[in-house]
Amino acid sequence: MGDVLSIGASIRSARKDAGITQEDLAHLAGTSVRTVRAIETGTGNPSLQAVVAVSGVLGLQLTVR
């Protein structure tokens, strides 16, 4: 669960640094605000596709270890 929270925190931080709202990010990533919120808070079960889309909009890259 720690990795999920860490990914969410990184996405939230990058979004805030970019000066965009959750609504803007959802629109740019082609997903819902509810999904963006779930990703950022580590709740629910957003799809991997949604996480990758949101990360890509922010210029983040997910890495598998």
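**View 1. Helix 1 crossing helix 3, with axes within 6 Å of each other at roughly 120°.** The helices here are residues 2-18 and residues 33-41; helices are DSSP runs of H or I, at least four residues, numbered from the N terminus. Axes are lines fitted to C-alpha atoms over the stretch in contact, with angles from 0 to 180 degrees between N-to-C directions. On the helix 1 side, Leu5, Gly8, Ala9, Ile11, Arg12 and Arg15 meet Ile39, Glu40 and Thr41 of helix 3, contact being heavy atoms within 4.5 Å. Sorted by class, that's 4 nonpolar, 2 polar and 3 charged residues (Ala, Val, Leu, Ile, Met, Phe, Trp, Tyr, Cys and Pro are nonpolar, Asp, Glu, Lys and Arg charged, the others, Gly among them, polar).

Keep in mind that this is a predicted model, where local features need pLDDT of at least 70, side-chain atom pairs count only at pLDDT 80 or more, and totals for chains, interfaces and linings use all residues. Residues are numbered from 1 along each chain as its sequence is written, and side-chain values use heavy atoms, leaving out hydrogens and water.

**View 2. Helix 2 against helix 3, at about 110° with axes 8 Å apart.** This angle makes helix 2 roughly perpendicular to helix 3. Gln22, Glu23, Leu25 and Ala26 from helix 2 meet Val33, Val36, Arg37 and Glu40 from helix 3.

**View 3. Leu28, a residue of helix 2 (residues 22-29).** Leu28 is exposed, with a relative accessible area of 53% (exposed is over 50%, buried under 20%, partly exposed in between, using a 1.4 Å probe and protein chains only). Leaving aside residues up to four places away in sequence, Leu28 touches Ile20 and Val57. Its C-alpha atom is 8.0 Å from that of Val54, 26 residues apart along the chain.

**View 4. The largest pocket, with about 280 Å³ of space.** A pocket is an open set of points on a 1 Å grid over the protein atoms alone, with protein on both sides within 12 Å along at least five of seven lines; lining residues have an atom within 4 Å of a point. Its volume is the space filled by probe spheres set on the points, which are joined across faces, edges and corners. Lining residues include Asp3, Ser6, Ser55, Leu60 and Arg65. Helix 1 gives the largest share, 5 residues.

Note on methods: Helix = DSSP H or I, 4+ residues; strand = E, 2+ residues; numbered from the N terminus. Parallel < 35°, antiparallel > 145°, perpendicular 65-115°, else oblique. 1 Å grid on protein atoms, 1.4 Å probe; cavity = no way out; pocket = protein on both sides within 12 Å on 5 of 7 lines; lining within 4 Å.
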